[in-house]
Structures are given as structure tokens and as C-alpha cells.
Amino acid sequence: MELRVKRAPRIDLEITVPGDKSISHRAVVIAALSNGVCTLQGFLPSEDCMHTVNAMRALGVKIEQPEPTTLIVHGKKRVLTPPKNEINCGNSGTTMRLLAGLLAGQTFESRLVADAGLSRRPMDRVIAPLCEMGASIVAEGPDQTAPLRVSGGSLRGIHYCPSVASAQVKGALLLAGLFARGKTTVEEPLPTRNHMEKMFNYFLVRTATEEAGSVTVFGDQVPESRDFAIPGDISSAAFWLVAAAAQRRGHLLIRDVGLNDTRTALLGVLLRMGAQVREAVEGVDQVEPRGIVEVTGFPLKGTVIQGKEVPRLIDELPILSVAGALANGRTVIRQAGELRVKETDRIAAIAHNLRTMGTQVAELNDGLEISGPAPLHGAQVASFGDHRIAMAFAIAGLFAEGETVVQDAECIRESYPGFETMLEEFSNPKRMQVSTPVIGSLTPTAPGEG
Ligand code: S3P
């Protein structure tokens, strides 16, 4: 499938975005371990999250889906059954890494397989600590890559300091920690998204934060079953927020989006780049803050993104690079080497596509230096099989002269079913909805700060 995009008319819209991907994965897994029936609303029915749902079904959990965004999960009180077949994680790194942690706690053996893209991504980051806890994990691919053969059972809690800041690693260890003797502590080099901790708290699993940057879970606990409503995904919202921010007088209001502050660094960057950004938390009743974000576009200026800000906007760096190409001056992204091991090498992919569209870019080992503003011209750009690259360059197409064709765009279904329809709305607005709520504004952050 290809996406064809032309320059956008003036943006003035009010929208919502589908459910948060990270939270959807975690909610399914924790509900499945709980002691009763949980209804999850706002679930993201994307390919990645459905891999997690099907994995839990393969482990004996009954999960009904009366509507695409509603799941009824029949918790198994932590007692999972051995899968009859290997478990396919598709291209979902979150599924594979979280499942590795969960399965490390089971006495039976299971095998996790992946498609070609995920089979190239590093798994040693979860294998090493899970083996330290007492699991046995054999990576059948070269250099500690999938397929993974996992067996475990009698785990002991450890204190682990991962060398990379990764919420997937933290999540895997905390899930294994639920099945371990004693306590399991993860001390991160930089704070990452804290959805697993929040979800544990919501499902009444005891955790502790002894010092900033470390989280502990106590073993041998059963999550208490509860219903949960998943907010919209700020990482999906990011594409439209950048589109509005980069268009002079563009205006966008997004409702019911997740505003967890381990995920909202994008808003601070857009503000620093010169956009007007307002956010208002409307509810935290189910531990994850949710609310409204409103952006008004101004001529953007380049900025520096590095340090502790990086894990808090790691998935937004492709679209922020597009913002950089449209901004005046240099945008520098550093200390983001993790981008090289995402669904594709995102540093190389962004540099390649920005150049194809007429932007001057220097590729750094751990980031990018982008010189703007570029008069983008329409071109054929590749997705590299990466959903966020495909979506970021569809948005670039909204600012280009002539037509942009994003090739192999079907990967978008991994995280954002409905993206194409929303893109149509931005390219060809039928129902202009204008709204101007009065909400508090963000305080600008200094470059590199969170
Ligand atoms: C995710 C964590 C991040 C992010 C990914 C989803 C999660 O990956 O890039 O899209 O749900 O835990 P890392 O933990 O590898 O940084």
C-alpha cells in the first residue's frame, strides 16, 4: 500500500486519537494475571497490540472483543497454561520483551518468534537480567536475537541497573518480578515511561520507589481485577500536533489524550520551537492522566533535543525531525542512539528521506543535525517497514510542493489503524470544527531538559 499526500490547506480541527499502545499492551497482560474479569475500554486494536492479545490467549486466557476497542479479559489469577504452539510476536518489540519477562516466571517452556524486522532487534537487554533472576532463555538467532526459547519458574528478585534506558526492559523485569522470590528493583540510567508501575498500582500490586529513578516490585502478588479505560496515544497525536504547529496559524485540539509526564516531552519541544501549546489534565481517576492538548502554529525555530528528554519522546523523534526540517535554523538531536535499533535504523531512515525531500541533514552516530527551513519537495519516500517513519513522512508531504508518495505504508497498522482516514481529514477537511478552550499553558523547558 502507498500513501499519496499533497500540501495541506489550513488546519483547524478538533480530533481524538486511538488508544495508547504502551498502555494497551500492559493492561492486557496485567488484567490476564488478575483474579477476575476486567473490561478494558479504549484499547488500541492495532497489529502490535493484537499480538499481545493473541499471545495471552495462547497462554490460556479468555479474552473477548465485543468491539474493536473493548476487551473483556478473564483473569487467570496468574495461572497460565503452556502454549500449544510457538507464540508469534510479529513486529512488536513490546510484545516480545514483555512476554519474555512474563514467561521467565512460568515453569513450562515456550518459544517466541518474530517477523524478519523484529528478529534483527537486540534481545540481550532482557535475556541477561532474566537469566540472572534464574530463567533459562536461549536466543536462536545470531547475536542474541529471536526466536527465543524461554523457561523459568523459580526466579529470585534482583537489583538491576540496565545500561540502556528502556521501558520494555523495565516492564519485562517487573513482570518477572511478580513471579520471583523477594523483591525486584530496576534502577534506570534515565527515567522512561512509567506505565507498568502505574498499572501495577492501579491493579493493587505493591511497588515501591525507594529513590528517584528506581522502582521495586514485591514478588508473589496477584493483581486485583478492575476495569480500566485507556487514554489516547500521545505518540499518535504527535503527528497531527506537529502538522498544526508547523503551519502558520494552524490550529488543532486533541481530546482525551494521555498526558503522563513521562510521555509529554514533545509538547515542551514544540513550545521551545515557537508553537503555542496548551494542555489541560481533565482526569487522573484511573492513574493515567488524560486531557486536552491544543496547538497553534507559528514559524518554528530549530532546537536541541538530548539528555533526559530523549527517553520521554523517543517515539516522537521521527516526526520532530520533520518539524526540524520546517523550522528556521539547526535542529540537533543527540544521545538518541536507541533510534538505530527501533523498527528500522531510524537515524539512517530519517536522514535518507529528509534528503530525498530536499533537506540538508548530517547523520551523527547518536542523532541528527537538520538544517531548516527546507522548501520540501514531493518525492517517493520509503517506510523502511517502520510505521513511525511512514507516518512522519506522510506529514512531511503535507508541507511539500507537489505530491509525496510514501511506499510500503501498510506497517502503519502496527500502531495507528485509521491514520489514513485522519490524513484525509487534514488534506481535505470536510467538517471544520473550531474550538478555543481556555486552558493553562506549559512552561518552556531549556534545551536538553525534561
Ligand atoms: C515502549 C517503549 C519504547 C518505545 C516503544 C514502546 C513500551 O521502547 O520506543 O515504542 O511500550 O515500553 P524501549 O523501551 O525499547 O525504549
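In helix H6 of this predicted model, the buried residues are His195, Met196, Glu197, Met199, Phe200 and Tyr202.

- Helix H6 spans residues 195-202 and is mostly covered, with six of its eight residues counted as buried.
- Just after H6, the backbone at leucine 204 takes a positive phi of about 60°.
- Helix H8, which covers residues 265-272, is also described as mostly covered, and here eight of its eight residues are buried.
- The buried residues of H8 run from Ala265 through Leu266, Leu267, Gly268, Val269, Leu270 and Leu271 to Arg272.
- Packing against these buried residues of H8 are helix H7 (234-245) and helix H9 (317-326), together with the strands S18 (276-283), S19 (290-296) and S20 (304-305).
- Glycine 274, which comes just after H8, has a positive phi of about 115°.

- Strand S4 (residues 62-67) pairs with strand S5 (residues 70-74) in the antiparallel sense over four bridges, and the two form a hairpin with two residues between them.
- Within this pairing, lysine 62 has histidine 74 of S5 as its bridge partner.
- Strand S3 (residues 37-41) is joined to S5 by five bridges, again with the strands running antiparallel, and glutamine 41 stands opposite threonine 70 in S5.

**The three-strand sheet**

- A further open sheet consists of three strands in the order S1-S25-S24, with mixed pairing.
- Its edge strands are S1 (3-5) and S24 (380-382), each of which pairs on one side only, and the twist averages 25° from one strand to the next.
- Strands S24 and S25 (residues 404-407) run parallel and are joined by three bridges, with glutamine 380 standing opposite valine 405 in S25.

**Two loop residues**

- Glutamine 106 lies in the loop between helix H3 (93-104) and strand S7 (110-113), and with a relative accessible area of 5% this residue is buried, because that value falls under the 20% cut-off.
- When residues up to four places away in sequence are not counted, glutamine 106 touches Arg78, Leu80, Ser151, Gly152, Gly153 and Phe179.
- Alanine 165 is found in the loop between strand S11 (159-160) and H5, and at 23% relative accessibility this alanine counts as partly exposed, because the value lies between the 20% and 50% cut-offs.
- Leaving aside neighbours within four places in sequence, alanine 165 is in contact with Pro189, Leu190, Thr192 and Pro311.
- Alanine 165 and valine 310 are 145 residues apart in sequence, while their C-alpha atoms are 9.5 Å apart in space.

**Pocket and cavity**

- By class, the lining of the largest pocket comprises 15 charged, 12 polar and eight nonpolar residues.
- One cavity of 30 Å³ or more is counted in the model, and the largest cavity contains about 40 Å³ of space.
- The lining of the largest cavity is made up of Asp20, Ile23, His195, Pro231, Ile234, Gly258, Leu259, Asn260, Arg263 and Glu288, which by class are four nonpolar, three polar and three charged residues.

Methods
Residues are numbered from 1 along each chain as its sequence is written. This is a predicted model: local features need pLDDT of at least 70, side-chain atom pairs count only at pLDDT 80 or more; totals for chains, interfaces and linings use all residues. Side-chain values use heavy atoms; hydrogens and water are left out. Two strands pair if DSSP finds at least two bridges between them. Buried means under 20% relative accessible area, exposed over 50%, partly exposed in between (1.4 Å probe, protein chains only). Contact means heavy atoms within 4.5 Å. Axes are lines fitted to C-alpha atoms, for helices over the stretch in contact, and angles run from 0 to 180 degrees between N-to-C directions. Ala, Val, Leu, Ile, Met, Phe, Trp, Tyr, Cys and Pro count as nonpolar, Asp, Glu, Lys and Arg as charged, and the others, Gly among them, as polar. On a 1 Å grid over the protein atoms alone, a cavity is a set of points where a 1.4 Å probe fits but cannot get out, and a pocket is an open set with protein on both sides within 12 Å along at least five of seven lines; lining residues have an atom within 4 Å of a point. Grid points are joined across faces, edges and corners, and a volume is the space filled by probe spheres set on the points.
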